[in-house]
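Please read this briefing with the sequence and the three-dimensional structure at hand.

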Amino acid sequence: RGMRLCPMLAIFLKTLPFFAVIGLGFMAGRQRFFTPEATAYLTKFVFYFALSAMLFRFAANLSVSEIYSTRFVLAYLAGCLAVYALAAGVALARGVTLEEAAVEAQCAVIGNTGFLGVPMLVVLLGPQAAGPVLMVLAIDLMVFSSLITLIITGVRQGQMSLGIFRSLGLGLLKNPMIVSIVLGLAWSATGVAVPAVANEFLQLLGAAATPGALFAIGASLATKSAERLGVAVWLSFCKLILHPLAVAIAALGLFRVEPQAAGVMIAAAALPVAGNVYILAQHYGIAPQRVSASILISTAVSILTVTVVIAWVLEQGAGR
């Protein structure tokens with residue numbers, strides 16, 4: 001048993017600096033040293049510049065075949081939809097509206113892949129993790145962000161219109177993470193290497209993504225409240241435990257995804273609830289306090305759960 005704790009402790013010590021930066025941002029936000037306005041601008045810098053540079057650079061050095069796999073997509077979607085349906089079903093059984101159920105289901109399956117997953121998993125699982133992480137991020141943004149918008153808009157308008165799909169398309173085209181991945185893959189498809197000067201520029205700017213994103217996560221958590229704890233604990237359990245478990249069953253048992261890619265997918269599924277779920281909840285005025293508490297609780301608990309999942313993934317890799 002002592003021998004098994006050593007790798008776990010080693011992974012914990014590797015993940016700790018990432019969460020320590022989140023903690024630093026949280027303290028800066030709590031002490032008002034870093035105001036909500038400052039957090040908003042830091043988030044904007046990371047979202048539009050630093051993270052975009054990192055994603056473009058990753059994608060430009062990968063081929064579509066290294067990112068896209070039908071088995072991978074089907075496995076991830078199957079795992080997500082199982083937990084999504086469960087969370088939505090439990091919510092509806094409590095008597096909440098369909099809109100609220102959709103928001104709770106979103107909490108159960110959408111992890112902080114962009115701001116936390118991309119920088120952390122590539123460092124901990126190696127450069128080969130970049131392709132699968134980008135695929136998870138793309139599915140989250142394109143499928144589930146669209147799904148919740150369709151549900152809420154459909155419920156409120158009482159029907160689906162072409163205008164909804166046009167708005168969704170424009171939203172995706174304006175999302176810098178999607179644009180960066182697509183442009184990076186387009187560059188990769190040309191077969192031309194990224195010029196050294198441009199690559200160094202992207203590397204320098206992209207290097208700001210990791211500390212900037214983590215600090216912004218922490219500072220934004222400082223403004224979150226921990227109301228509706230019972231529901232938030234349930235949603236955190238769905239996200240941190242049930243989601244990676246369902247994805248693992250789908251990837252390893254049902255669809256036989258290549259083991260290395262499956263490991264990255266499972267680790268990505270173990271990430272805490274994403275901040276953009278709160279942005280959506282606040283935008284539509286649907287259960288923002290519930291989402292806020294879920295983000296706060298899942299991020300705090302994920303210090304331990306993410307460590308366990310990554311240690312398991314690495315152990316499976318070492319065993320092959």
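**Briefing on the predicted model**

The largest pocket holds about 1400 Å³ of space. This is a predicted model, in which local features need pLDDT of at least 70 and side-chain atom pairs count only at pLDDT 80 or more, while totals for chains, interfaces and linings use all residues. Residues are numbered from 1 along each chain as its sequence is written, and side-chain values use heavy atoms, with hydrogens and water left out.

**The largest pocket**

- A pocket is found on a 1 Å grid over the protein atoms alone: it is an open set of points where a 1.4 Å probe fits, with protein on both sides within 12 Å along at least five of seven lines, and lining residues have an atom within 4 Å of a point.
- Grid points are joined across faces, edges and corners, and the volume is the space filled by probe spheres set on the points.
- The lining of the largest pocket has 47 residues, and Phe-47, Gly-275, Asn-276, Val-277 and Ile-279 lie nearest its centre.
- Two or more lining residues are given by each of α2, α6 (113-125), α7 (130-157), α8 (162-174), α9 (176-190), α11 (209-221) and α14 (275-284).
- Helices here are DSSP runs (H or I, at least four residues), numbered from the N terminus.
- Which element gives the largest share of the lining of the largest pocket? That share, nine residues, comes from α14.

**Salt bridges**

- Side chains of opposite charge can pair when their charged atoms come close.
- A salt bridge is counted when a side-chain nitrogen of Lys or Arg lies within 4 Å of a carboxyl oxygen of Asp or Glu, and by this rule there are three salt bridges.
- Glu-104 forms a salt bridge with Arg-94, with the closest N and O atoms 2.7 Å apart. Because Glu-104 lies in helix α5 (residues 98-109) and Arg-94 in the loop between α4 (70-93) and α5, the pair ties together parts that are 10 residues apart in sequence.
- Arg-290 forms a salt bridge with Glu-100, with the closest N and O atoms 2.6 Å apart. Since Arg-290 lies in helix α15 (residues 288-319) and Glu-100 in helix α5, this pair ties together parts that are 190 residues apart in sequence.
- Arg-290 also forms a salt bridge with Glu-104, where the closest N and O atoms are 2.7 Å apart. This pair links distant parts of the chain, with Arg-290 in helix α15 and Glu-104 in helix α5, 186 residues apart.
- Relative accessible area sorts residues into buried (under 20%), exposed (over 50%) and partly exposed (in between), using a 1.4 Å probe and protein chains only.
- Is Glu-104 buried or exposed? Glu-104 has a relative accessible area of 1%, so it is buried.
- Arg-290 is buried at 6% relative accessibility, and Glu-100 is buried at 18%, whereas Arg-94 is partly exposed at 37%.

**Aromatic pairs**

- Rings of Phe, Tyr and Trp (its six-membered ring) pair if their centres lie within 6.5 Å; planes under 30 degrees apart count as stacked, over 60 as edge-to-face and the rest as tilted.
- The count by this rule is five aromatic pairs. In one of them, the rings of Phe-45 and Phe-49 have centres 6.2 Å apart and planes at 25°, so the pair is stacked.
- Both Phe-45 and Phe-49 lie in helix α2, four residues apart, which is about one turn of the helix.
- Phe-45 is partly exposed at 32% relative accessibility, and Phe-49 is partly exposed at 49%.

**Surface patch and a distant contact**

- Leu-9, Leu-13 and Leu-16 make a nonpolar surface patch of about 260 Å².
- Such a patch joins nonpolar side chains (Val, Leu, Ile, Met, Phe, Trp, Tyr) within 5 Å, from residues with over 30% relative accessible area and no salt bridge; accessible areas come from the Shrake-Rupley method with a 1.4 Å probe.
- Leu-16 lies in helix α1 and is partly exposed, with a relative accessible area of 33%.
- The C-alpha atoms of Leu-13 and Thr-307 are separated by 9.0 Å, although these residues are 294 residues apart along the chain.
- Thr-307 is found in helix α15 and is buried at 2% relative accessibility.

**Backbone in two loops**

- Most residues other than glycine have a negative phi.
- Arg-32, although not a glycine, has a positive phi of about 65°. Arg-32 sits in the loop between α1 (2-30) and α2 (36-60) and is exposed at 55% relative accessibility.
- Arg-256, also not a glycine, has a positive phi of about 50°. Arg-256 sits in the loop between α12 (229-254) and α13 (259-269) and is exposed, with a relative accessible area of 60%.

How values were computed
Patch = residues over 30% accessible without salt bridge, like charges linked within 9 Å, V, L, I, M, F, W, Y side chains within 5 Å.
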